[in-house]
Amino acid sequence: MSDLMHLPWLTIVTFLPTAGALLILLARVLARGVEPGYDAAVRVLTLIFTIATFLVSLVAFAAFDSNAPGFQLVENVAWAFGFGYHLGVDSLSMTLILLTTFLTPLCILASWSIQKQVASYMILFLILETLMIGVFCAMDLVLFYLFFEGGLIPMFILIGVWGGQRRVYAAFKFFLYTLLGSILMLVAIVAMINIAHTSSIPDLIAYAQHVGFDPNVQIWLWLAFFASFAVKLPMWPVHTWLPDAHVEAPTAASVVLAAILLKMGGYGFLRFSLPMFPSASHFFTPMVFALSVIAIIWASLVAFRQADMKKLIAYSSVAHMGFVTLGIFSGTLQGIQGGIYQMLSHGIISGALFLCVGVVYDRMHTREIAFYGGLVNRMPVYAAVFMLFTMGNVGLPGTSGFPGEILSLVGAFQVNAWFVVAATTGVIFSAVYALTLYRKVALGNIENPKLGGILDLDGREWVTFVPLIVATLIMGLAPSIVLHFTEGAAQSIATAYAGGVTP
Amino acid sequence: MMAPMQDLLASLPHAHPEVLLAGFALVALIVGAWGGDKLFGFISTLAVLVLLGAGAWAIYDRPLAPVELFQGAMVADSLGVFAKVLIAVSAAATLALGADDFSKTKEQRFEFPVLVILAVLGMFVMVSARDLISLYVGVELQSLAAYVLAAWRRDDARSSEAGLKYFVLSAISSGLLLFGSSFVYGFTGAIRFDAIAAALHEGAGGVGIIFGLVLMLCALGFKMSATPFHMWTPDVYEGAPTPITAFFAAAPKVAAAVLLARVLYGPFAAIAAQWQQVIVALAAISMMWGSIAALLQTNLKRLMAYSSISNMGFVLMGLACATPEGPSSALLYLALYLPSTIGIFALILAMRREGVAVETVADLAGLAQQRPWMAAVWTMLLFSIAGIPPFAGFIGKLVVFRAAVDANLVWLAVVGGIAAVIAAGYYLRLLASIWFAPATQTLQPASGAIFVTASVAALLSFPVLVIILGSIEQWAHWAIARSF
């Protein structure tokens with residue numbers, strides 16, 4: 001085991017997908033133009049590389065000691081400009097890395113039906129995976145920004161080329177919206193480096209604990225970071241890019257967007273806002289709570305009125321992210337644990353729901369809720385799978401959706417009970433829109449004659465859904481496995497926050 | 001002071017690159033006049049080698065401490081070496097592109113390489129100027145060669161218009177430069193930069209000197225195409241033949257920026273508080289206007305003109321800092337900007353649809369389906385010039401932002417950030433055309449030289465080339481530290 005520890009696991013996990021992308025390029029050069037079978041080979045190659053990445057991330061997980069404090073598997077090489085190529089993980093980032101590497105092979109499976117420019121699609125997806133993993137590994141502020149912002153590029157092209165009707169509009173909106181938020185963060189990053197004279201994230205956290213940023217400066221820095229993460233998460237009222245991007249993106253890109261890219265916002269709050277700017281976080285807690293509660297209630301109501309399945313799930317994501325911010329900014333151990341749990345659970349469930357939409361979209365090429373109805377008659381297995389994830393979305397006990405929601409609410413209750421009372425109504429609303437969706441799509445008799453020939457899940461789709469079902473049930477029935485693992489990171493964030501609020 | 005002859009002989013060994021360029025230009029002119037245009041290829045190849053040789057020679061001769069040349073008219077120092085290498089390499093790259101392209105369009109006139117060499121000689125004088133006279137001489141030598149180049153297609157109305165417009169407007173700016181210089185001379189009694197600095201240090205000047213300085217800044221802003229002195233840029237970029245536009249977009253920008261740095265941080269360092277306001281304003285307006293105006297452009301070359309205006313705004317942000325980090329960040333920004341812009345012009349040159357050069361954004365439609373590799377190169381270069389990580393242009397912006405925040409110009413950094421988002425809008429429009437739009441016509445394959453240039457530029461846009469970037473950064477620091 002000690003030998004294993006010394007390999008640069010994080011670099012391998014991060015850049016293995018890029019290596020796959022380069023191999024596809026090389027194969028293209030060697031194949032000299034489009035040979036028959038090239039596309040099929042590219043698909044298989046991509047799948048192999050993403051699975052290999054997952055396996056390597058499991059090795060990194062094995063090398064990780066969840067009882068030890070601080071950042072592990074650290075790699076630190078001096079880079080130009082005084083910045084470092086500095087990687088490291090704590091249990092928070094480790095879980096998010098596992099979520100990423102776990103979902104990406106499933107996304108590739110879900111992309112099997114892509115016919116247009118297959119090689120470009122797969123290359124972009126592999127690069128996107130590298131950038132997403134890099135965000136969670138990066139322990140240098142500039143490196144973090146590099147990965148965080150770089151992820152926009154493949155996503156922009158994925159939405160724009162392989163998306164739906166209004167894909168160009170959605171791609172532009174996605175890119176410019178997030179860029180505007182992030183560029184303010186960049187200025188704040190530069191200011192932080194100037195103040196603390198370091199760009200290393202562990203050093204900055206230590207600086208914030210021992211010296212602390214001036215409370216007045218903290219306010220501005222916090223706002224700049226908030227601008228970026230609130231757009232990314234997304235929080236009401238800067239969420240409007242999300243429904244557009246989700247609806248137009250191809251299925252796999254929607255999955256990645258909902259399951260992983262949104263988590264970068266929550267990760268940013270946990271990694272930067274709370275431990276580095278505790279007094280500003282405390283100052284802004286009522287505002288964040290208010291926005292979260294508005295998001296929970298308002299987005300749930302809007303979701304109820306949607307006619308497009310993907311848009312409905314997109315709005316439900318906004319509502320669920322409201323619970324995440326509610327938990328995180330409570331600053332309590334339960335709240336932070338709940339926020340992390342909710343992020344992981346939402347990653348799996350919303351990803352699975354988008355895949356469910358993808359299944360019927362592949363067959364019928366429409367996402368109109370009104371088009372469907374009575375699918376349970378022709379697709380019983382599909383209806384059962386869809387049922388499970390709908391329940392997970394509602395937060396039924398026994399699915400992974402429940403522990404996160406309840407912990408977030410318990411955490412926030414200790415800070416402000418009234419916001420929690422309002423937020424709890426969101427749990428009911430989520431049942432209203434999710435069950436309505438399920439009823440309209442799956443139950444009843446088949447009214448639409450076009451649905452007469454629709455087929456149930458095929459083998460590839462089975463393989464895609466089984467890991468997600470297992471993950472949902474395990475996380476729902478035995479939450480302590482995950483909670484125990486993330487406790488160390490959550491505890492240190494809560495301590496850093498509490499230490500900064502009451503000096 | 002040494003006798004003039006002795007001084008000349010003592011100075012020449014420190015001016016090898018300039019002597020090489022001047023000698024080559026004169027010989028090539030005679031050889032060309034005698035041999036005619038069939039020597040175009042030969043002279044062009046030789047000129048590329050001479051440019052690279054001049055750059056190499058500048059590195060080889062690099063002085064450890066600034067050396068005064070020609071009775072103090074010029075200086076050989078590390079900043080000059082840095083600028084000369086950037087100028088020589090980018091001029092060589094654009095000259096190679098031009099030679100390749102003119103061979104295809106059958107416009108092989110041997111004056112092209114000679115004029116480029118003369119312009120580069122002017123730039124070399126600019127970046128090593130140490131008094132007001134050599135400053136003016138350098139600017140004029142560079143500009144006169146550039147007017148002729150802009151009007152290269154003399155039978156083409158747009159090209160002639162570009163040359164004439166450039167000439168008339170530029171003549172006004174040269175007049176302002178002289179006028180301003182005369183004020184400075186009048187109020188300090190000196191033309192040498194060190195003497196001006198000494199006079200200002202002792203409290204000479206007042207309003208007169210500021211008046212002179214502002215006039216000079218207007219003229220230098222014109223040469224750098226900073227808003228509001230940018231009017232000529234889009235027309236000249238559009239009208240001039242594309243290889244010549246590529247040349248304009250690269251080397252002269254370096255020369256003008258370095259000259260501006262020399263003027264601001266040398267003779268006028270003592271009144272930094274005065275000029276800082278002007279440069280800050282120029283930087284903010286250039287970044288914003290360059291980004292906003294480009295949104296409406298459909299012609300690729302006009303779009304690139306506005307893009308260069310916006311990028312010069314970022315360079316000016318670095319120069320506005322009045323700290324040692326400021327100019328060194330501006331130099332680094334320039335060094336990272338050059339490969340992207342040259343690469344993009346190489347790509348514009350590379351694309352012909354049915355023999356007609358690509359001109360508009362819409363002409364790029366469907367590139368990703370027809371030529372995925374070329375689309376990938378476009379993508380990398382555009383994201384780099386837009387300053388999106390992980391590409392090199394982002395590092396340039398980051399370093400400039402850092403210098404600005406360090407100099408308490410946070411608001412300027414925020415303006416720059418917003419301008420960068422607006423600018424991303426039109427770069428994305430190009431990318432949308434390349435990736436999202438369906439193909440209309442077929443593209444003809446690009447020639448090897450052009451494509452190699454573009455690919456090298458794309459590779460240079462990856463900051464993972466740590467060794468190169470790290471050394472450029474150290475070099476930029478070193479250049480500034482040793483020169484002021």
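Let's start with chain A, whose secondary structure comes to 21 helices and 2 strands. The radius of gyration of chain A is 22 Å, close to the 23 Å that the globule rule gives for 503 residues, so chain A is as compact as a globular protein of that length. Keep in mind as you look around that this is a predicted model. For the complex, the predictor gives an ipTM of 0.83 and a pTM of 0.87.

Of its 503 residues, 59% count as buried. Among contacts in chain A between residues at least 6 apart in sequence, 82% join residues at least 24 apart.

Now find the strands of chain A. Strand β1 (residues 72-78) and β2(A) run antiparallel, and 5 bridges join them. To see the pairing at one spot, look for A:Asn76, which stands opposite A:His86 in β2(A). Is strand β2 (residues 84-89) of chain A enclosed or open? Here 5 of its 6 residues are buried, so β2(A) is largely enclosed by the rest of the structure.

A residue counts as buried if 20 or more other C-beta atoms lie within 10 Å of its own. A:Pro275 has 23 other C-beta atoms within 10 Å, so it is buried. Which residues does A:Pro275 touch, leaving aside its neighbours within four places in sequence? The answer is A:Ile205, A:Ala208, A:Ile493, A:Ala496 and A:Tyr497. For another pair, take A:Pro275 and A:Ala52: they are 223 residues apart in sequence, and 34 Å separates them in space, C-alpha to C-alpha.

Let's move to chain B, where the mean pLDDT is 85 and 92% of the residues reach 70 or more. A word of care goes with such values: where pLDDT is low, the predicted coordinates should not be read in detail. The secondary structure of chain B comes to 20 helices and 4 strands. Its radius of gyration is 21 Å, close to the 23 Å that the globule rule gives for 484 residues, so chain B is as compact as a globular protein of that length. The C-alpha trace of chain B spans about 65 × 60 × 45 Å along its principal axes, and 60% of its 484 residues count as buried. Among contacts in chain B between residues at least 6 apart in sequence, 79% join residues at least 24 apart.

Helix α4 (residues 78-105) has 28 residues and reaches 40 Å from its first C-alpha to its last, close to the 40 Å expected at 1.5 Å a residue. Of those 28 residues, 25 are buried, so α4(B) is largely enclosed by the rest of the structure. After α4(B) comes B:Lys106, whose phi is positive, near 60°.

Finally, see how the two chains meet. In chain B, 30 residues are in contact with 28 residues of chain A. Which helices of chain B each supply at least two residues of the side that touches chain A? They are α15 (367-370), α16 (372-386), α17 (392-406), α18 (410-435) and α20 (466-483). The most comes from α18(B), with 11 residues. Sorted by class, this side of chain B has 23 nonpolar, 4 polar and 3 charged residues.

Conventions
Residues are numbered from 1 along each chain as its sequence is written. Chains are lettered from A and ligands numbered from 1 in the order in which they are written. This is a predicted model: local features need pLDDT of at least 70, side-chain atom pairs count only at pLDDT 80 or more; totals for chains, interfaces and linings use all residues. pLDDT is the predictor's confidence in each residue, from 0 to 100. Two residues are in contact if their C-beta atoms, placed from the backbone, lie within 7 Å. Ala, Val, Leu, Ile, Met, Phe, Trp, Tyr, Cys and Pro count as nonpolar, Asp, Glu, Lys and Arg as charged, and the others, Gly among them, as polar. The radius of gyration is taken over C-alpha atoms; the globule rule is 2.2 Å times the number of residues to the power 0.38. A residue is buried if 20 or more other C-beta atoms lie within 10 Å of its own, exposed if 12 or fewer, and partly exposed in between; C-beta atoms are placed from the backbone. The expected span of a helix is 1.5 Å times one less than its number of residues. Two strands pair if DSSP finds at least two bridges between them.
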